[in-house]
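My entries follow in the order I made them.

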Amino acid sequence: MLHSVNEYDAGKERLKVMIADDEERICQLIEALIDCDALQMDVVGVAHNGPEACGLVESLSPDILITDIKMPGYSGLELIEKVKEKEENLEIIIISGYAHFAYAQTAIKFGVGNYLLKPINKEELTGTLERLGERIRDRRRLAEDRQWIRQKSEADIRLFRMNLINRLTEESGWQPSLEELREKYYLHVEEGVFQGFLIKVDCDGEIGKAGIDLILDKVQSLLENSFRSRCMELVAGIKGLGCTGFLNYESEKTEEIRRIFRDCLNQLESEKGIFGPVMFTAALGNAAKDAGGLPESVAQAALIIEDRLLKGTGKLLERLPVASAIHEQNILEKYVRQIVHAIEVMSVEEAEEAVMQMKRTMLEVRDVRGFEVREIIYSAARLFLSQVDVKNRAEAFKEFEQRSSMCGSMDELFAGLVALQTAYVEEMCQKREADTVRPIRMAKQYIQNHFSEPITQEEVSGAVGLSAAYFSALFKKVEGEGFAKYLIGVRMEQAKILLRETNIPVSKICQQVGYNDLKHFTHTFEKATGVKPTVYRKMYG
């Protein structure tokens, strides 16, 4: 099947052509000879002298320039020299007469090999433009391919590095070597210092995942730009709510590295107003003398960062002291005793006091560490969830853990545990209340359906599945009055309706509302309303 030129080229990028000639007639002729639709080109500008042409090239950025070799202002050769300094890839076609052919040959030194002799032939012009168009498009496709390859290569490198970070943080016992880091992860590491780091982001949950991702991208870019020329290698990746990784640098640069970290932290802190309710903290693990110490240094940074809970955010934290004596306080054992009782009596206040007592005890421990506080809080949350009715205990703890990971202070962490407890204890109270009200609601419905019958409390309690004694006490607690009084009220209300809205004899109404003795019915009605049934009918019927 044959295709027209227009159909075949419909998907091509349109190119911009500019014409420069001091003769208006020549410019018009050239423009008329160019089949723009077939070539997928547009004439975007016409100039009649050298300076004008130079200015238009700069403002219009054409892909192809068709210029006369001789023009006022400065010649075509001078124009070519000037525009090539600014637009190296600009393709140029020189137009010359036989008398100026030698000038055209000189243009070769500027990389111009396309020239047309006057008078201009349409086929020759079209052929030249087609060749140049293909050359331009091929060059751009090649540039796009190279850009794609470069981006893919960068993406592959980032993937390798993220895999390395995951391995450093998750695989115990691994001690990488220089050769392994170079060959397997394509790192430019050398003998020197290896040091893990972590910059943690704490924020209000309202920021959302998209906002947090943008902030973490900013943190990673800042680190990469700040350390690129200051160390031999930087590996950084986003993991959870932090940017973690390691540096490899010369030992004499230790203080410089610490200074740069502080500068990065200060810059992030200064931009907090842009990000919203967010806090930043940085931690450095101990400096390792070889690559084998990297996993330990990265793990240390993750532990050190937890000290922000006690020392505050916005700081560079270093050095990992020994653990405190907090586990000698039996904090969790005391918490369990208190929280179990709070759950039994369904007391939100007692549950909160259990947490506050745990907090007071922790603060009394000398040199308590942030990671110890978080461990105990998480253990307490697991113990609490084990004592209450939860559909998916693992999922509930995971949600608590995610919310807690955004907390930058000890107070926020404890408040999160209180909120978890309160939510479940209140839910239990509501469920118990619902379980209490449900059988009474069923009993009231049963009464509405059977009040005309000689029903008893034993009959109704059996219908809702409760013992008569428990039903009697529960009914009075929920309704504020006993079963018998409630039943009389229902029957009297129905009797009022029948007296007002029908002509049914009182003796019949007596039977329809569950009474066999007219005298007893009349006495009960008068006691409830203050008047006899017949008087009531006269008053309201």
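**Met362 and the cores**

I began with Met362, which touches Ile326, Ile331, Val368, Val373, Ile376, Met410 and Phe414 when residues up to four places away in sequence are not counted. Contact here means heavy atoms within 4.5 Å.

Before going on I noted the ground rules: this is a predicted model, local features need pLDDT of at least 70, side-chain atom pairs count only at pLDDT 80 or more, and totals for chains, interfaces and linings use all residues. Residues are numbered from 1 along each chain as its sequence is written, and side-chain values use heavy atoms, with hydrogens and water left out.

I then looked up the largest nonpolar core, which has 39 residues. A nonpolar core is a set of buried Ala, Val, Leu, Ile, Met, Phe, Trp, Tyr and Cys residues joined through side-chain atoms within 4.5 Å. Buried means under 20% relative accessible area, exposed over 50%, and partly exposed in between (1.4 Å probe, protein chains only). Tyr335, Met358, Met362, Ile377, Phe384 and Leu417 touch the most other members of this core. Helices α14 (331–344), α15 (348–364), α16 (370–387), α17 (393–404) and α18 (410–450) each supply at least two of its residues. The most comes from α18, which gives 9 residues. Helices (H or I, at least four residues) and strands (E, at least two) are DSSP runs, numbered from the N terminus.

Another core lies apart from this one; it has 32 residues, among them Ile207, Leu216, Phe275 and Leu316.

**Confidence**

I checked pLDDT, the predictor's confidence in each residue, from 0 to 100. The protein has a mean of 88, and 93% of its residues reach 70 or more. Over residues 1–10 pLDDT stays under 50, and for these the model has 6 contacts beyond four places in sequence.

**Tyr378**

I found Tyr378 in helix α16. Tyr378 counts as buried, at 11% relative accessibility. Leaving aside neighbours within four places in sequence, I listed Phe397, Phe400, Glu401, Ser404 and Ser405 as its contacts.

**Salt bridges**

How many salt bridges does the structure hold? I got 33, a salt bridge being a side-chain nitrogen of Lys or Arg within 4 Å of a carboxyl oxygen of Asp or Glu.

Arg140 pairs with Glu13, with 2.7 Å between the closest N and O atoms. Arg140 lies in helix α7 (residues 122–170) and Glu13 in the loop between α1 (5–8) and β1 (15–20), so this pair ties together parts that are 127 residues apart in sequence. Arg140 is partly exposed at 28% relative accessibility, and Glu13 is partly exposed at 43%.

Lys532 and Glu526 form another salt bridge, with the closest N and O atoms 3.3 Å apart. Lys532 is partly exposed at 40%, as is Glu526 at 31%.

Arg308 and Glu306 also meet through their side chains in a salt bridge, at 3.3 Å from N to O. Both of these residues are buried. I placed Glu306 in the loop between α12 (294–304) and α13 (308–311), and its relative accessibility is 14%. Leaving aside neighbours within four places in sequence, Glu306 is in contact with Gly370, Phe371 and Arg374. A network of salt bridges links Lys200, Asp202, Glu306, Arg308 and Arg374.

**Helix α20**

I took α20 (residues 468–479) last. Its 12 residues reach 16 Å from first C-alpha to last, close to the 16 Å expected at 1.5 Å a residue; the expected span is 1.5 Å times one less than the number of residues.

Which residues of α20 are buried? They are Phe471, Leu474 and Phe475. Seen down the helix axis, the buried residues of α20 fall within an arc of 105°, so they line one face. The arc is that of the directions from the helix axis to the C-beta atoms. Ala469, Lys476 and Lys477 are exposed on the other side of α20. The cover over its buried residues includes α18, α19 (457–463) and α21 (483–501).

After α20 comes Gly480, whose phi is positive, near 80°. In the loop between α19 and α20 I noted Gly465, which is exposed at 61% relative accessible area. Gly465 and Leu178 are 75 Å apart, C-alpha to C-alpha, and 287 residues apart in sequence.
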